[in-house]
Amino acid sequence: MAIYTPRPASSRTRKGGRKPSWTEKLRRLFPQRRPKTVPPRPQVVVTGVQRSWRWKQIFGNLFLWLLLIVIATGVLWVGGRWLLNSDVFRLSDIRISGERNVSERQILDLAGLQQGGNLVQFDAAGAKRRIESLAWVERVEIHSQWPSSIEIVVTEYQPFALVNVEEGKEHHLYYLSDSGRLFVETEQGQELDYPVITGVRAGRDVQQSEFVPGSLGALAGKLLKVAARGSTVLPIQSISEVHVDENKGVTLYLVDHPFPVYFGTEQIQTKYYRLVRVLDQLYLKKLVDAVKEIRMDYIDDKVLVTGAQIDG
């Protein structure tokens with residue numbers, strides 16, 4: 001009896017036999033990677049013991065920080081007490097310069113300084129502010145020279161004219177600084193040998209201790225500032241008064257001669273230098289004593305001299 005060995009069925013005779021397409025054959029040549037599966041992480045279970053340990057750790061760190069803060073505060077307090085009581089920072093040299101109309105005693109009192117005081121406790125900014133509140137003081141510089149010296153440099157206002165301010169029926173005479181500030185009212189016995197600006201009214205010409213820009217008072221101040229630059233013919237020392245008036249504008253009077261010089265309200269600086277040339281001719285020809293008035297506002301580029309004849 002013969003033994004039968006069955007042959008493997010061809011692809012066509014298999015169940016559902018279908019010949020693989022060319023795309024399937026091609027896909028088999030380049031097998032795709034299967035995504036890695038991430039094993040599930042075991043759930044962390046926080047037990048009561050772990051929570052208690054964490055709270056102990058937090059409170060321990062907090063206590064350590066509080067302890068460090070207390071120690072640092074104590075060190076600073078002890079160090080501060082030592083600085084305040086140490087002889088190293090005791091003031092042994094206080095130098096003041098630049099004061100003329102204010103006294104050293106005023107400056108020391110306002111600064112809060114005295115020999116033997118402690119430099120660590122000195123408030124330089126506050127002292128500067130208080131000293132500059134004095135009427136005569138324009139600015140202050142304070143230099144702390146450690147460990148035991150202080151230098152205070154005072155710059156006072158320099159008056160170059162007086163201003164007679166009309167306020168109702170009252171008149172107040174102020175010093176005018178070269179920076180244009182009415183900084184202090186004059187008192188009996190003080191120096192008054194300066195040119196005087198008169199006819200100035202509070203509110204119209206002066207506000208907050210300064211000339212109102214473009215006002216008649218400001219024009220008079222400008223005229224004196226030009227004269228202060230220096231001129232051998234018409235220096236500021238030769239001017240006795242500058243009067244301002246709403247109708248006549250600015251009028252100048254000399255110390256040695258009574259006649260008025262009318263400037264008006266325009267081209268004050270140009271007219272000043274023109275007046276210098278006119279006075280130069282009058283002095284050379286010895287005609288100045290015959291002058292009755294000079295009108296700088298007569299006609300543009302023309303000067304009218306009444307009482308004397310000059311060229312040009």
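View 1. Of the 312 residues in the protein chain, 32% are buried, that is, under 20% relative accessible area with a 1.4 Å probe, counting protein chains only (exposed is over 50%, partly exposed in between). The chain exposes about 22,000 Å², and carbon and sulfur atoms supply 54% of that area; accessible areas come from the Shrake-Rupley method with a 1.4 Å probe, and for residues only the protein chains shown count as cover. Residues are numbered from 1 along each chain as its sequence is written, and side-chain values use heavy atoms, leaving out hydrogens and water. Local features need pLDDT of at least 70 and side-chain atom pairs count only at pLDDT 80 or more, while totals for chains, interfaces and linings use all residues.

**View 2. Confidence along the chain.** The predictor's confidence in each residue is called pLDDT and runs from 0 to 100. Its mean for the protein chain is 84, with 79% of residues at 70 or more. Among the elements, S7 has the highest mean pLDDT (98) and helix H1 (residues 22-29) the lowest (64). Over residues 11-16 the value stays under 50, and the model has four contacts beyond four places in sequence for this stretch; a contact means heavy atoms within 4.5 Å. Where pLDDT is low, the predicted coordinates should not be read in detail.

**View 3. The open sheet S1-S3-S2.** Here three strands come together with mixed pairing; two strands pair if DSSP finds at least two bridges between them. Strand S1 (93-97) and strand S2 (137-145) are the edge strands, each pairing on one side only. Neighbouring strands are turned by 15° against each other on average, direction ignored. Eight bridges link S2 with strand S3 (residues 149-156) in the antiparallel sense, and arginine 139 has threonine 155 in S3 as its bridge partner. Helix H3 (residues 104-111) packs on the sheet by touching S1 and S3, at about 125° to the direction of S1. Helix H4 (residues 124-131) touches S2 and S3, and its direction makes about 155° with that of S2. These axes are lines fitted to C-alpha atoms, for helices over the stretch in contact, and angles run from 0 to 180 degrees between N-to-C directions.

**View 4. Two hairpins, S4 to S5 and S5 to S6.** S4 and strand S5 (residues 170-177) run antiparallel, joined by eight bridges. Alanine 161 stands opposite leucine 176 in S5. Two residues lie between these strands, and glycine 168 in the turn has a positive phi of about 70°. S5 then joins strand S6 (residues 182-185) through three antiparallel bridges, with tyrosine 175 partnered by valine 184 in S6.

**View 5. The largest nonpolar core, with 43 residues.** A nonpolar core is a set of buried Ala, Val, Leu, Ile, Met, Phe, Trp, Tyr and Cys residues joined through side-chain atoms within 4.5 Å. Phe263, Leu279, Leu282 and Ile294 have the most contacts inside this one. Elements giving two or more residues to the core include helix H5 (216-227), helix H6 (268-284) and strand S13 (293-299). Beyond its neighbours within four places in sequence, isoleucine 294 is in contact with residues including Tyr262, Leu275, Leu279 and Val303. A second, separate core of 26 residues includes Leu113, Ala127, Ile150 and Leu162.

How values were computed: Helix = DSSP H or I, 4+ residues; strand = E, 2+ residues; numbered from the N terminus.
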